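Here is a short report on one protein chain. Keep the sequence and the 3D view open as you read.

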Amino acid sequence: MTAQQQRPYLGDPLPRGSEALVPYRVLATPNLPAIGLFLGSVFVIVTGAAWLILRAIHQLFFKPVRASRVWREAILIAAYVLSLAWLQLNQAFSVLLAATIAVALILLEVFLNIRVRDE
């Protein structure tokens, strides 16, 4: 008789000692609702936390505070964290790729601020 482990993201139980097969099983049959729930909750949590911090920063340094700018920056930060989480789930994360995505999002925010200032 073999002990079996139950993992909700794998489906069928695996025999004990076969932990090396876990990444291959997850990639072969991903549990899309669980991954979607995880990524959605990460997005909402990071957006809320970033909004609170950015609102305080804008209150101190940028008068008047534009709510649309604070929300846009919070959503961009959440999109950055979400993309890093997605890359980590797929085992494709690298520091260079994370830096490239960060630079792209920062440039997007700079260009959007320039556009709003010109209007």
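The sections below go from the whole chain to single residues.

## Model and overall layout

This is a predicted model, in which local features need pLDDT of at least 70, side-chain atom pairs count only at pLDDT 80 or more, and totals for chains, interfaces and linings use all residues. Residues are numbered from 1 along each chain as its sequence is written, and side-chain values use heavy atoms, leaving out hydrogens and water.

The chain has 4 helices and 2 strands. Helices (H or I, at least four residues) and strands (E, at least two) are DSSP runs, numbered from the N terminus. Along the sequence, the pattern reads β-β-α-α-α-α.

Of the 119 residues, 20% count as buried. Buried means under 20% relative accessible area, exposed means over 50%, and partly exposed lies in between (1.4 Å probe, protein chains only). The chain exposes about 8,600 Å², and carbon and sulfur atoms supply 72% of this area. Such areas come from the Shrake-Rupley method with a 1.4 Å probe; for residues, only the protein chains shown count as cover.

Contact means heavy atoms within 4.5 Å. Among contacts with a separation of 6 or more, 44% come from residues 24 or more positions apart.

Helix α2 covers residues 32–61. Its 30 residues reach 42 Å from first C-alpha to last, close to the 44 Å expected at 1.5 Å a residue. The expected span is 1.5 Å times one less than the number of residues. The buried residues of α2 are Leu39, Val42, Val46, Thr47, Ala50, Leu54 and His58. Their cover includes α3.

Is Leu52 buried or exposed? Leu52 sits in α2 and counts as exposed, because its relative accessibility is 57%. Leu52 also belongs to a nonpolar surface patch with Ile53, Ile57, Leu60, Phe61 and Phe62. Together they have about 650 Å² of accessible area. Patches are made of residues with over 30% relative accessible area and no salt bridge; like charges are joined within 9 Å, nonpolar side chains (Val, Leu, Ile, Met, Phe, Trp, Tyr) within 5 Å. A salt bridge is a side-chain nitrogen of Lys or Arg within 4 Å of a carboxyl oxygen of Asp or Glu.

## Helix α3 and its loops

Pro64 lies in the loop between α2 and α3. The peptide bond from Lys63 to Pro64 is cis, with omega near -10°.

Helix α3 spans residues 67–89. Its 23 residues should span 33 Å at 1.5 Å a residue, and its end C-alpha atoms are 33 Å apart, which agrees. The buried residues of α3 are Val70, Glu73, Ala74, Leu76, Ala78, Leu84, Ala85 and Leu87. They pack against α2 and α4 (95–118).

After α3 comes Gln91, with a positive phi near 55°. Ala92 is in the loop between α3 and α4. Ala92 counts as partly exposed because its relative accessibility is 39%. Beyond residues up to four places away in sequence, Ala92 touches Leu87 and Leu97.

Which residues does Glu73 touch, not counting residues up to four places away in sequence? They are Leu54, His58, Glu109 and Asn113. Glu73 is in α3 and counts as buried, at 12% relative accessibility.

Glu109 is in α4. Glu109 is buried too, with a relative accessible area of 10%. Again leaving out residues up to four places away in sequence, Glu109 touches Arg69, Arg72, Glu73 and Leu76.
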